[in-house]
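Biologist: Hi! Could you walk me through this model in plain words?
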Amino acid sequence: MMQCLVVPHSTYPQCITRVEVASAPRWRLKTPSDHQLPPALMPLSSIFGAVFVVFLESNPRRLEQMALAVVVCDYECGLAQLEILCKQLYETTDTAVRHQAEKALVEFTNSPDCLSKCQLLLERGSSSYSQLLAATCLSKLVSRTSNPLPLEQRIDIRNYVLNYLATRPKLAAFVTQALIQLYARITKLGWFDCQKDDYVFRNVIGDVTRFLQDSVEHCIIGVTILSQLTNEINQADTTHPLTKHRKIASSFRDSSLFDIFTLSCNLLKQASGKNLNLNDESQHGLLMQLLKLSYNCLNYDFIGTSTDESSDDLCTVQIPTSWRSAFLDSSTLQLFFNLYHSIPPSLSPLVLSCLVQIASVRRSLFNNAERAKFLSHLVDGVKRILANPQCLPDPNNYHEFCRLLARLKSNYQLGELVKVENYPEVIRLIANFTVTSLQHWEFAPNSVHYLLSLWQRLAASVPYVKATEPHLLETYTPEVTKAYITSRLESVHVILRDGLEDPLDDAGLVQQQLDQLSTIGRCEYEKTCALLVQLFDQAAQTYQELLQSTNSSAMDITVQEGRLTWLVYIIGAVIGGRVSFASTDEQDAMDGELVCRVLQLMNLTDSRLAQAGNERLELAMLSFFEQFRKIYIGDQVQKSSKLYRRLSEVLGLNDETMVLSVFIGKIITNLKYWGQCEPITSKTLQLLNDLSLGYPSVRKLVKLSAVQFMLNNHTSEHFSFLGVNNQSNLSDMRCRTTFYTALGRLLMVDLGEDEDQFEQFMLPLTAAFEAVAQMLSTNTFNEQEAKRTLVGLVRDLRGIAFAFNAKTSFMMLFDWIYPTYMPILQRAIELWYHDPACTTPVLKLMAELVHNRSQRLQFDVSSPNGILLFRETSKMITTYGNRILTLGEVPKDQVYGVKLKGVSVCFAMLKAVLSGNYVNFGVFRLYGDDALDNALQTFIKLLLSIPHSDLLDYPKLSQSFYSLLEVLTQDHMNFIASLEPHVVMYILSSISEGLTALDTMVCTGCCSSLDHIVTYLFKQLSRSTKKRPAPMATDDRFLHIMQQHPEMIQQMLSTVLNIIIFEDCRNQWSMSRPLLGLILLNEKYFADLRNSIVNSQPPEKQQAMHLCFENLMEGIERNLLTKNRDRFTQNLSVFRREVNDSMKNSTYGVNSNDMMS
């Protein structure tokens, strides 16, 4: 007898869930409980979601065989399909095919039975790609924060991965890496998980012991597991709280890391003691993994500082005190120096990376004698490398060695270095190495930074060194300075001849090196100055001869201009390196010699601008002027300086006013001839802006005829960059704001209440506004011309508005623009809302106009201008907001430029006007004016159109939003309370996420907003318990929302307490203000949270932790009066200090879900 059973997908079903009768009438229906699934089907029943049709006979053996055949057939087809998709994803060049494969595999990873499918892929998959897919999917499953896998299942996966790696040591490298990553992720996330009082994921060394005792391939896997685990635990990820990461990292550091480092050193010692065949790929790989493991241990973030890699030359490795033995024993240091000399160059960069970390060990790990001994061994090792430089031609080795040299001074004092026995020999070798490196400028240019950093720190230390031993820097720093200068000059011809990349094009790199050279060159300044004078005179004379010659080649002229460019940059740098307390009259006179030469060169080049100019040389001149301004222009300079005496003798520039006239002459010349060159124009205008900042220099500047010329003739006729150039982008007009900011400051000096002078100054802008108004009044106009004219105009006005920070001058500007020209700005927003290049400048101008900077917006008591200004602001925000929301979905890569930037400016504008204290917002509702409601409702619409993630992803948006929210919760809480529940929850969620933001300004704003909300809630609840008049309906609704969703406030209480106890809380005062209100609103929840934290501590520390919480609330009353708040803030400071002291030696974790998730 035979039956037809339909077996649907189910996870390990215990019985067949549905039975259907086939068409044959003689087949009999039986209930599901009559049939158990055959044993052979049990492991395979949940492979795929397909329905398996299984024919069952009365003969059990035959039944099982037939059923298994059908299931296996279906399984093989599904597996084959997955493997095809994997190959398409990783191998195909067809974008459409890859996209389809990716889509199908994403569905696979999100399927509910992904876990069992992944195991079967690992067991039965024939391609490495399918194994990679399985490992990647499992990593995602164990990492998810919602619906996490049970502990037993994670233990099973961990054990399965270890067995899988042990039985398959020759998997593809990327598969092995993915599986090890999976093991590391499970171990990290389960670090505090207990099973029968045992931390089940902490026996990491035990997990890899069997690998280390087996073949070389197994050893590689074992070492890689430890290396990857160390790296994984060291790195925070965005999906889990930083608090949880730091607790895991600290516990791992205290319980396992030193054992792992010791193991890696012991294995390296064993390896170095044997005659390894490093031509053997597996032995080479093992040594590389051991070195990576050692480096990861030494590179661990021991105290949670998360240093920025870009500043690694300043890094100190905060080795725990318990590691002292490893560093007091010189054998650890010698091990790595010996390895460097015994292994091939391909591996030695890793050794040097380890040495860089060892050289950076914190000073406080040693006492003075121990540190001197350690430094002596370190310097001996460096000397040995310099004496045998065979491996240094390798760029990676060279780079790491340069980093090692830089650490010698960043972590040790010059006074300590000079006491080292071999110091004279070592400093000579380092100087020779540096000179050789600088002369080979084309080799590893990014490494030069570290060498210059070493010499910069050495030179800066000279005035402070107290040791009697000679430092010899007076001998070697001039050699380094000379090598740098001459090598840069010699590079010019080679770069031009061979068409190489010019380092002068990398402004950041050049500036960084010049900043370092400024200190080095000031050491033995007489030699530096003599060298620069000699080289400059030679180059300038050659240049002049070439210009006067009729048969000189353009190449020769360009070479000399390149050399002069370097010299002008370097002269500017060494002048900028002047330190007032260490400078002498003789050095100021030397500066005068150099300045005279640059100004003479400037006169020569400016005379040729009508025929030709050199952009790089002009930028060097501007850099020189900026350095000169910082040092010799302003109050801090002695007017009797020898520099001015020398300028008077050579160029007839007798005082600062005459020097300023040279500055302004150069600025006008640049704006006239280089108006279409954005880099020169922007730097020239920045120089003008900087000059306009200092009050003494501004008083002198306005007396100059050249400045009066600029104030009276700021038109495109005289300054081409002010013209409407149809070839340029609208964004290229940004420099106009800088120009008019400077002009505005200069105008204000003597403006006073002279409206005629103001009107005269504004004539060009009045004409531009009239032209735009004329264009917009017609149906057919040149849209691009109108846009360009308007954008240039509003950028000009924004500069003036920014500069006018006094009431008198700002009111002149306000009366000029309102009401005459405000409709034009509103019309521009209506027409071009979709074009951010046009709307953003207009919105920024409006935001500047409503900003009550320096209390400049103070209207007379009889003036309605404050309310009228707000109406215009509301109209602009509403117009822009409603129109920008019609754009629909904007691509992610364009969303900030097209939408969010404008929204951010609107938020900033609304915040400025709401907090400006020149509008009484109560009158709007009183007189039925909907301007305030319109602006606030538009804000809500815009806010709801922005995902939470975007609020924190874009810094300018987050700062403007959270500062606006702070003002709204402070002054317009009734509006917040009247919002719909989903809007209130959105705002509270944004505050909750902002509390953990990295930007302290955002975090502080969130604390303030939360404090206002909590205070409002507390007051409403207090009123409801007293015999007071019935609250408004909005108050009732807000209270009801909070009572419906207590978890939101509770979560924020947990977050704030979490940050204060466990994190580096940089704004503790701000955090303390909402915390008291949160506690008073959630006393039961706070008690549970407190008990959870206390119980999570070791038994011997629980009493101390309980006492900390008792002291926190000591003397605190159930109110939010200022006196009570201040008492709580004081208690909190003591609480945080005591809790940190109590937990220093505790590696226990907090098991509370609220505190860890």
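Biologist: Which charged end sits over the ring of tyrosine 199?
Modeller: That is the charged end of arginine 202, 3.8 Å from the centre of the ring. Keep in mind that this is a predicted model.

Biologist: And what lies over the face of tyrosine 525?
Modeller: Arginine 522 does, at 4.0 Å from the ring centre.

Biologist: Let's switch to aromatic pairs. How many does the structure hold?
Modeller: There are 42 aromatic pairs. In one of them, phenylalanine 769 and tryptophan 816 have ring centres 5.8 Å apart and planes at 45°, so this pair is tilted.

Biologist: Where in the chain are phenylalanine 769 and tryptophan 816?
Modeller: Phenylalanine 769 belongs to helix H31 and tryptophan 816 to helix H33, so the pair links distant parts of the chain, 47 residues apart.

Biologist: Is phenylalanine 769 buried or exposed?
Modeller: Buried, because its relative accessible area is 0%, and under 20% counts as buried. Tryptophan 816 is buried too, at 7%.

Biologist: Which residues do ring pairs link into a cluster?
Modeller: The cluster holds Trp191, Phe252, Phe258, Phe261, Tyr300, Phe302, Trp323 and Phe327.

Biologist: New topic: helix H26. What span should its 18 residues have?
Modeller: At 1.5 Å a residue, H26 should span 26 Å, and its end C-alpha atoms are 26 Å apart, which agrees.

Biologist: What caps the N-terminal end of H26?
Modeller: Aspartate 655 does, with a side-chain oxygen 3.3 Å from the backbone nitrogen of threonine 657.

Biologist: Which residues of H26 are buried?
Modeller: Among them are Val659, Leu660, Phe663 and Ile667, and also Glu656 and Lys666.

Notes
Residues numbered from 1 in each chain as written. Predicted model: local features only at pLDDT ≥ 70, side-chain atom pairs only at ≥ 80, totals over all residues. Heavy atoms only, no water. Phe/Tyr/Trp six-rings, centres within 6.5 Å; stacked < 30°, edge-to-face > 60°. Helix = DSSP H or I, 4+ residues; strand = E, 2+ residues; numbered from the N terminus. Buried < 20%, exposed > 50% of the residue type's maximum accessible area, 1.4 Å probe, protein only. Lys NZ or Arg CZ within 6 Å of the ring centre and 35° of its normal. Expected span 1.5 Å × (residues − 1). Polar contact = N/O pair within 3.5 Å; in protein donor to acceptor, adjacent residues only side chain to side chain.
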